[in-house]
Amino acid sequence: NLSLSCFVHSRVTNLKYRGRCEPVISRTLQFLNDLSVGYPFYLNSVELLTFRTLVFQQSKHFSFLGVGDNCSLSDLRCRTVFYTALTRLLMVDLGEDEDEFENFMLPLTVAFESVTQMFNRSFEQAEAKRMLIGLARDLRGIAFALNTKTSYTMLFDWIYPAYISVLQRAIQLWYREPDCTTPILKLMAEFMQNRSQRLNFDVSSPNGILLFREASKMICTYGNQILSLGTLSKDQVYPLKLKGISICYSALKSALCGNYVSFGVFKLYGDNHFDNVLQAFVKMLLSVSHSDLLQYRKLSQSYYPLLECLTQDHMSFVTSLEPHVLIYILTSISEGLTAVDTIVSSSCCASLDYIVTYLFKHLAKEGKKTLRRREISQDGQRLLHFMQQNPEVLRQVNYQSFLWSIIV
């Protein structure tokens with residue numbers, strides 16, 4: 001215990017006095033993170049409380065948190081790991097204590113209220129951006145650590161609707177600045193992750209739909225704004241455009257595969273958020289060349305799993321696409337089949353399997369054409385007609401599939 005206490009105090013000293021030394025801060029925070037994961041093997045409850053209190057008391061002196069005017073934006077990157085560790089320590093005895101959670105979130109509450117007031121009057125944009133970048137990184141760390149239904153619900157109730165609207169406004173204002181948009185988009189992507197079934201809301205709760213609507217708004221806002229930038233140079237295209245698009249795709253994939261939203265509700269009640277985000281997906285996709293899809297790893301690892309999810313559960317949307325969009329998608333599958341990255345190639349195989357299975361089922365029903373069958377099979381008929389009109393696309397996909405089977 002004495003040795004552990006010495007370790008803890010030395011690490012807190014590093015955070016306090018070596019905040020400008022990135023290697024020291026990174027390793028120190030990794031130790032703090034490992035320690036939080038390892039509870040209760042390393043700490044008993046008394047030591048845990050002492051450790052947490054010590055970190056909270058000294059955190060106002062940690063320069064890597066952005067304290068002071070001389071800190072750069074890159075210094076703020078460590079805040080995510082720091083708040084992940086702190087939140088894990090909070091979770092040990094949090095339970096359903098909302099007051100304890102509110103007390104933990106108080107510094108972020110004060111900061112969000114300050115930004116909200118800034119947005120309601122003329123304000124210094126540099127200061128507001130700096131605060132929002134830090135807040136997005138902090139919240140991402142907190143959200144990553146909250147892996148239970150109860151704790152995640154407390155976070156959702158804290159951020160929605162007032163503070164999440166601030167993030168929406170920031171995306172709208174500063175879409176040209178990836179230093180600001182990337183942390184916010186990553187935060188939204190983390191919110192959409194149904195890790196450990198933490199988004200298993202109560203039957204009477206609309207939170208799943210509300211969360212998806214907010215994600216849809218953000219993706220649509222970012223997608224429409226980023227496409228207005230026009231043609232970008234080769235060195236600008238990834239940081240200013242493709243990186244944000246890849247994060248949007250990851251967030252959308254998590255939402256579609258999370259099993260916490262009934263998407264039929266949107267059409268039933270005339271809500272267009274689902275349709276809007278799918279259209280935003282198409283617009284962003286068409287602005288990306290096939291070569292870029294495979295050249296940038298993070299983009300390909302977000303696009304192809306998203307496409308797999310769409311072909312698995314939303315073929316009615318896929319069949320409704322314009323022919324040039326379908327050609328683009330099938331070509332991307334064809335080129336991705338022989339990719340070295342197994343995430344890409346396996347997603348392509350799965351997507352192709354879902355499309356061919358859908359067509360096969362449609363053809364199998366052709367001999368049973370009652371009136372009801374004809375109405376149901378309209379989507380399949382559109383896809384079949386497209387394949388008949390563009391046989392070379394399917395032949396190319398089959399050829400690439402053959403090559404892939406030989407390689408494997």
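Contact, as used here, means heavy atoms within 4.5 Å. By this rule Phe-281 touches Tyr-249, Leu-252, Tyr-303, Leu-306, Leu-310 and Phe-317, not counting residues up to four places away in sequence.

The structure is a predicted model, in which local features need pLDDT of at least 70, side-chain atom pairs count only at pLDDT 80 or more, and totals for chains, interfaces and linings use all residues. Residues are numbered from 1 along each chain as its sequence is written, and side-chain values use heavy atoms, with hydrogens and water left out.

Phe-281 also belongs to the largest nonpolar core, which has 118 residues; together with Leu-139, Leu-155, Trp-158 and Phe-212, Phe-281 touches the most other members. Such a core is a set of buried Ala, Val, Leu, Ile, Met, Phe, Trp, Tyr and Cys residues joined through side-chain atoms within 4.5 Å. Buried means under 20% relative accessible area, exposed over 50%, and partly exposed in between (1.4 Å probe, protein chains only).

The model contains nine salt bridges, each a side-chain nitrogen of Lys or Arg within 4 Å of a carboxyl oxygen of Asp or Glu.

Asp-271 is buried at 19%, whereas Arg-213 is partly exposed at 29%. Arg-297, at 60%, is exposed. Elsewhere, salt bridges that share partners join Glu-190, Arg-195 and Arg-198 into one network.
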